[in-house]
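Thanks for coming. I will go through one model this morning, starting with the chain annotations and ending with the interface.

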Amino acid sequence: MPLPDPQLTPALEERAARVSLFRKLLKNPVGLIALIFLGLLVLSAIFAPLLAPADPNTASLQDVLASPGAAHPLGADSAGRDVLSRLLFATRFSLAGALLALVVAAVIGVIAGLIAGYFGKWFDSVSSWLAGLLMALPGIVVLLAARAVLGPSMWLSMAIFGVLLSPAFFRLVYASVSAVRNELYVDAARVAGLSDARIISRHILTVVRAPVIIQAAMIAGIAIAIQAGLDFLGLGDMSVPSWGSMLNDAFAKIYTNPDLMIWPASAIALTCIALTLLANVMRDELERTAGPVKRRKNRNRAAEAPVVKAAHLSTVGMATISEEERRLALEQPAASEPGEIVHPVVVHPDPEDGGRSSTGNPFGEELLSVRNLAVGYDQPDGSIKVVVNDVSLRVRRGEVHGLIGESGSGKTQTAWSVLRLLPDGGRVIDGSISFEGKDLAHATEKEMTKLRGAKIAYIPQEPMSNLDASFTIGSQLVEPMRVVLGLSKAEATKRALGLLERVGIPNPQRTFDAYPHEVSGGMAQRVLIAGAISCDPDLLIADEPTTALDVTVQAEVLSLLRELQAELNMGVILVTHNFGVVADLCDRVSVMRAGRIVETGPVRSIFAAPEHEYTKALFAAILEEGEARGELVVAQTEKEGLR
Amino acid sequence: MLRFILRRLASGVVLIVVISTIAFALLYVGGGDIARRILGQTATAETVAQKTQQLGLNRPLYEQFVDWVSHAVVGDFGTSWFTGQEVIQAISSRVAVTLSLVIGATLISAIVAVLLGVWAARQRGWPDRLVQIISVLGFAIPGFLIALGLVIVFAINLGWFKPTGFVQFATSPSGWLSSITLPVIALAIGGIAGVAQQIRGSVIDALRQDYVRTLRSRGLSANRVIYKHVLRNAGGPALAVLAVQFVGLLGGAVIVEQVFAIPGLGQVAVTATNQGDIPLVMGLVVVTAVIVVVVNLVIDILQGFLNPKVRLS
């Protein structure tokens, strides 16, 4: 029986521990059933002498293997002992044995964990080492060895087993305490002159209490299993009735009377299951209490989602949003604050000739046309949180289309939906994404896999997390080329080295052989650019490709992107929050806010005459350090527009 | 990488030394009057003294220990007090049987756990819940109960397998396979429960990583990314759990061998324990420690291959 991983129960918040775990358990059906079962078990153990119809150890020749009946409600065993009485007394000894192991393990583990975690120093290293030692050996082998010396005593073996199990508590408490030890509120308590004992009891014990209770339920289950195992092997104290010894007795009659095994086996299995379920329910309940904080964090990171109308509806307690309500929510302007005036989309007209790219050539055919795109995330309650709403944009060959807006404006979500690589639960809920005549909003996953890399490529924002740390940079470049272009390994390697050189990496072979953690962020971003263009895409989606880089590196990466775009004549969607990048690279820009495009048009005309309040505010924000903000905005936009 | 392996090897040797020392001290000091126990209560004081003399138990403890160590390092753990067989022989003839059970169970639980864990992580919904239930039951129900259940259903009621007995591989490969099927399944179920849960968790984590999106944006299919990249990254924590499981299975094998009457280390251990055959128990403890150390070393090396950062640290 393996020890439970102490890390499974992370240090839970103090607040969570204070909420009455017991009351929550009563509300959870599984928890309630487990508690009732264990409660009955304890009661029958306590009142075994009153409940048992006969003495558990009195053998009677004429009752050998008697069937269940009036004298023996559950029958009698191979020595003619009453099965029900034995079962009741066995419950007593089995539970008491498990309790002994549990108490020994908890006392040693918790105290050692507190001391090692709170005071550290030599005790820390010694006890951690000892814990590792104890966990390295199979418990049953140690118990067997101990029994060889000490003889068959259930109490002794359970006490020894408690010592063997103590690392489970030790590691748990140790991890929680060393995490809390340097928290500011503990420092504050120390500065305020509280004694160590008081700090431990007030601030630290409350943190570890709940995880220790959960661990205790698991450990009790393991102790019962091991004890039953020992007795089943016939190594236990045969004078004491226990579930394991009953099973051992029944096992000898497995061919003639397999029924005898049912009672002890069910008792062991149900008790272990009840304890494990109890632990799981407690953990789930605690995590649910700690949940909202976590979820809020995730929303910013994974979904980068502004809460628009539909989400408002769901957060005020509406269980599900009907189709009708959803449609209404989508149609209504995304007024995130009441009373705010929502402007219609400001569209600046294209120049007469359709505009020219940075190389001076006219733009090519239309590559991508997004119409009325809406992206939403399915919520656990069945509603949909809409993060992109009524977005339309197009990209021609050779054209760079900037998507600008603050964090959470939906620009990255728009970019991901073109690739159809939205995070879990996210999907296109309305509109179309037409790419070279195909509607990507409704394409199958197989069709998308064919397009990705070959036709549409992607450069991510954060270079380091976008490389797989377990593979060399070279293999991550070679693999897609072999799959997409069907190149041999040698051809792909050659091409990868060429690409690395092309993106300005000084020693391509060395970078090719390196692991991601061995290169700098700027290098990693170049590698990702090389990977994106490796299969000659028509459309490149760059999601804030310079945000995570140093300022000096940013300029280099931007000019690399400009060169590559001109060289390969790609259409580009460039997601950014930086107007400097837009001015530098883009032909056309769409300003996004709260999941919608508020203003769109050629870069020149928007820089010359921004009309939407939000666009103007963004321009103003560039010059936050200036004194006379209002006037400077005009001057700056004019200057930028002339570039 | 070599330094990494050497360091792990050194800490493994230290572990074996410490465990042997503690075990020796406990077994020889805690045992009380060992000769009396061997000979029984009816033996005369004279024969007991003779026996003590014969076993060398009258010497100072450190002398006995030095004697034991000097022989143990060359693989000589003495002879059994009861059968007169050499300890190393009694163990080595059985160790292969136990290892084949445990390694078989480990491999099966690894494979099944990966499939179940990935399935649960990708589908979520009911497959996820099903895997959770299997995990809870597999974890909660002791291995020997599962073994007993398998015997009753598949051997006694259905008659598909022989309930007990072991066939050497050399005698009949198919007989061998049939004789270890149920024991291996009984052992593997607990392992599957623990590892599947771990794989599920790490795959869900890994799927949320940025590089998964980037790799897929390059035209790699979801399956390819999961089975090549995600699993390799999820592999580290899963291997750590597998190492813990292996130790657990080694203990579980002791009981499962008893249920199926398989002549492995477990049987020797139970007999030696019942008799108080201390040289044999000592040998078993050391051999177990060596197995555990070797397995952990192998797992550490695998970790190094999976995760380039481990190699450097």
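In the unreviewed UniProt entry, the annotation "domain: ABC transmembrane type-1" covers residues 91-283 of chain A. UniProt positions are given in the numbering used here, feature names are shortened, and annotations may be inferred rather than shown by experiment. This is a predicted model, where local features need pLDDT of at least 70, side-chain atom pairs count only at pLDDT 80 or more, and totals for chains, interfaces and linings use all residues. Residues are numbered from 1 along each chain as its sequence is written, while chains are lettered from A and ligands numbered from 1 in the order in which they are written.

Over residues 91-283, chain A is 83% helix and 0% strand, with the end C-alpha atoms 27 Å apart. Helices (H or I, at least four residues) and strands (E, at least two) are DSSP runs, numbered from the N terminus. Over residues 370-619 the chain is 40% helix and 27% strand, and the end C-alpha atoms are 26 Å apart.

For chain A as a whole, the count is 25 helices and 11 strands. Of its 643 residues, 48% count as buried. Buried is defined as 20 or more other C-beta atoms within 10 Å of the residue's own, exposed as 12 or fewer, and partly exposed as in between, with C-beta atoms placed from the backbone. Among contacts in chain A between residues at least 6 apart in sequence, 71% join residues at least 24 apart. A contact here is two C-beta atoms, placed from the backbone, within 7 Å.

Now the sheet. Four strands of chain A form an open sheet in the order E3-E2-E5-E6, with antiparallel pairing. Its edge strands are E3 (384-396) and E6 (438-439), each of which pairs on one side only. Two strands are taken to pair if DSSP finds at least two bridges between them. Strand E2 (residues 366-378) and E3 of chain A pair in the antiparallel sense over 9 bridges.

Which residues stand opposite each other? A:Asp378 faces A:Ile384 in E3(A), and A:Gly376 has A:Val386 of E3(A) as its bridge partner. E2(A) and E3(A) make a hairpin with 5 residues between them, and A:Gly382 in the turn has a positive phi of about 95 degrees.

Helix H15 (residues 411-419) of chain A lies across E2, E3 and strand E5 (426-435), running at about 110 degrees to E2(A). For that angle, axes are lines fitted to C-alpha atoms, for helices over the stretch in contact, and angles run from 0 to 180 degrees between N-to-C directions.

Next, some loop residues. A:Ser520 sits in the loop between helix H19 (508-513) and helix H20 (521-533) of chain A. It is partly exposed, because 13 other C-beta atoms lie within 10 Å. A:Ser520 and A:Pro463 are 57 residues apart in sequence and 9.2 Å apart in space, C-alpha to C-alpha. A:Asp536 is in the loop between H20 and strand E8 (539-543) of chain A. A:Asp536 is not a glycine, yet has a positive phi of about 50 degrees.

In chain B, B:Ala261 lies in the loop between H10 and H11, with phi near 50 degrees, a positive value in a residue other than glycine.

Last, the interface and the confidence. 65 residues of chain B are in contact with 61 residues of chain A. The largest share of the side of chain B that touches chain A, 14 residues, comes from H10(B). By class, that side of chain B has 37 nonpolar, 21 polar and 7 charged residues. Ala, Val, Leu, Ile, Met, Phe, Trp, Tyr, Cys and Pro count as nonpolar, Asp, Glu, Lys and Arg as charged, and the others, Gly among them, as polar.

The model scores ipTM 0.79 and pTM 0.74. Chain B has a mean pLDDT of 82, with 97% of its residues at 70 or more; pLDDT is the predictor's confidence in each residue, from 0 to 100. Among the elements of chain B, helix H13 (residues 308-312) has the lowest mean pLDDT (62) and helix H9 (residues 210-217) the highest (91). Where pLDDT is low, the predicted coordinates should not be read in detail.
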